[in-house]
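Biologist: Could you walk me through this one? I would like to go over the charged pairs and then the sheet.

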Amino acid sequence: MSNVKTEMDLIWGGEEISKVIGRTPRITFALLEKGELPAKKVGGRWVAERSKLIAFFMEAA
């Protein structure tokens with residue numbers, strides 16, 4: 001087995017995701033529902049990986 005530790009920085013909930021991307025919760029939920037952000041629903045709650053959100057916006061810039 002490898003000693004490499006894989007750590008994911010997960011952001012739970014649309015409101016927390018909105019803080020990371022600098023948008024209002026309303027806009028963020030609309031983007032999430034349209035599938036325009038790299039996130040998925042788990043148990044009825046949105047979850048996103050911080051590095052994927054940052055990479056997504058770096059590509060868009």
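**Charged pairs and the sheet**

Modeller: At 38% relative accessibility, Glu16 counts as partly exposed, where buried means under 20% relative accessible area, exposed over 50% and partly exposed in between, with a 1.4 Å probe and protein chains only. Please keep in mind that this is a predicted model, in which local features need pLDDT of at least 70 and side-chain atom pairs count only at pLDDT 80 or more, while totals for chains, interfaces and linings use all residues. Residues are numbered from 1 along each chain as its sequence is written, and side-chain values use heavy atoms, with hydrogens and water left out.

Biologist: OK, and what does the side chain of Glu16 meet in a salt bridge?

Modeller: The partner of Glu16 is Lys19, at 2.9 Å from N to O, a salt bridge being a side-chain nitrogen of Lys or Arg within 4 Å of a carboxyl oxygen of Asp or Glu. Both residues lie in helix 1 (residues 14-21), three residues apart, which is about one turn of the helix; helices (H or I, at least four residues) and strands (E, at least two) are DSSP runs, numbered from the N terminus. Lys19 is exposed, its relative accessible area being 59%.

Biologist: How many salt bridges does a search of the whole structure find?

Modeller: The search finds four. Among them is the pair of Asp9 and Arg50, whose closest N and O atoms are 2.5 Å apart. This pair links distant parts of the chain, since Asp9 sits in the segment before strand 1 (10-12) and Arg50 in helix 3 (residues 50-60), 41 residues apart. Asp9 is partly exposed at 41% relative accessible area, and Arg50 is also partly exposed, at 33%.

Biologist: And which residue does Lys41 pair with?

Modeller: Lys41 forms a salt bridge with Glu33, with 3.6 Å between the closest N and O atoms. Lys41 is partly exposed at 47%, whereas Glu33 is exposed at 55%.

Biologist: Switching to the sheet, what order do the strands have?

Modeller: The sheet is open, with three strands in the order 1-3-2 and antiparallel pairing, where two strands pair if DSSP finds at least two bridges between them. Strand 1 and strand 2 stand at the edges with a single partner strand each, so one side of each has no neighbour in the sheet.

Biologist: How many bridges join strand 2 to strand 3?

Modeller: Four bridges join strand 2 (residues 39-42) to strand 3 (residues 45-49). Val42 stands opposite Arg45, and Ala39 has Ala48 as its bridge partner. The two strands form a hairpin with two residues between them, and Gly43 in the turn has a positive phi of about 60°.
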